[in-house]
Amino acid sequence: MADYVYLVQMDIPEGMEGEFNRIYDTQHVPNIIKAPGVHGCTRYRLESADVPGVARYAAVYDIDSPDVPESDGWKAESEKGDWSSQIRPHTTNRTHAIFKRLS
């Protein structure tokens with residue numbers, strides 16, 4: 001079990017959601033979980049929020065340390081496939097947070 005989670009949230013234009021989800025599930029996640037220190041990823045779509053402006057999509061990555069998302073391995077894997085050229089430029093409202101497991 002990893003000691004940290006890396007929460008990434010973002011929006012994508014409605015007309016791109018199908019391609020976004022296809023590439024995220026079939027390319028981006030399989031690539032990222034090959035990076036050293038990454039143990040898995042679970043994705044979510046927002047159903048409700050009590051504050052405005054919350055991004056519609058979230059990915060929770062199980063990672064060994066807060067340094068993993070800035071590592072050479074993570075960066076190399078995140079550039080593979082169609083993610084960096086066809087999807088990333090269209091994402092908005094991106095937030096990144098790292099949480100440490102308490103128990």
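This is a predicted model: local features need pLDDT of at least 70, side-chain atom pairs count only at pLDDT 80 or more; totals for chains, interfaces and linings use all residues.

Colleague: What is the volume of the largest pocket?
Modeller: On a 1 Å grid over the protein atoms alone, a pocket is an open set of points with protein on both sides within 12 Å along at least five of seven lines. Grid points are joined across faces, edges and corners, and a volume is the space filled by probe spheres set on the points. For the largest pocket, that volume is about 250 Å³.

Colleague: Which residues lie nearest the centre of the largest pocket?
Modeller: Lining residues have an atom within 4 Å of a point. The largest pocket has 17 of them, and those nearest its centre are Y6, W74, S78, R94 and H96.

Colleague: Which elements give two or more residues to the lining of the largest pocket?
Modeller: Helices (H or I, at least four residues) and strands (E, at least two) are DSSP runs, numbered from the N terminus. The elements are β1 (4-11), α1 (17-32), α2 (72-78) and β4 (92-100).

Colleague: What is the volume of the largest cavity?
Modeller: A cavity is a set of points where a 1.4 Å probe fits but cannot get out. The whole structure holds one cavity of 30 Å³ or more. The volume of the largest cavity is about 40 Å³.

Colleague: Which element gives the most to the lining of the largest cavity?
Modeller: The lining consists of V8, M10, F20, Y24, R43, Y57, A58 and A59. At least two residues come from each of β1, α1 and β3 (57-63). The top contributor, with three residues, is β3.

Colleague: How many charged residues are in the lining of the largest cavity?
Modeller: Ala, Val, Leu, Ile, Met, Phe, Trp, Tyr, Cys and Pro count as nonpolar, Asp, Glu, Lys and Arg as charged, and the others, Gly among them, as polar. Seven lining residues are nonpolar and none is polar. The charged count is one.

Colleague: Which residue in β3 is the bridge partner of R43?
Modeller: Two strands pair if DSSP finds at least two bridges between them. Strand β2 (residues 38-45) runs antiparallel to β3, over seven bridges. Seven bridges also join β1 to β3, again antiparallel, and there V8 stands opposite A59. The partner of R43 in β3 is likewise A59.

Colleague: How many residues of β3 are buried?
Modeller: Buried means under 20% relative accessible area, exposed over 50%, partly exposed in between (1.4 Å probe, protein chains only). β3 is mostly covered. Of its seven residues, the buried number is six.

Colleague: Which residue forms a salt bridge with R43?
Modeller: A salt bridge is a side-chain nitrogen of Lys or Arg within 4 Å of a carboxyl oxygen of Asp or Glu. The closest N and O atoms of this pair are 2.7 Å apart, and the partner is D25. The pair links distant parts of the chain, 18 residues apart: R43 is in strand β2, and in helix α1 sits D25.

Colleague: Is E70 buried or exposed?
Modeller: E70 forms a salt bridge with K75, at 3.8 Å between the closest N and O atoms. K75 is partly exposed, because its relative accessible area is 40%. E70 has 55% relative accessibility, so it counts as exposed.

Methods: Residues are numbered from 1 along each chain as its sequence is written. Side-chain values use heavy atoms; hydrogens and water are left out.
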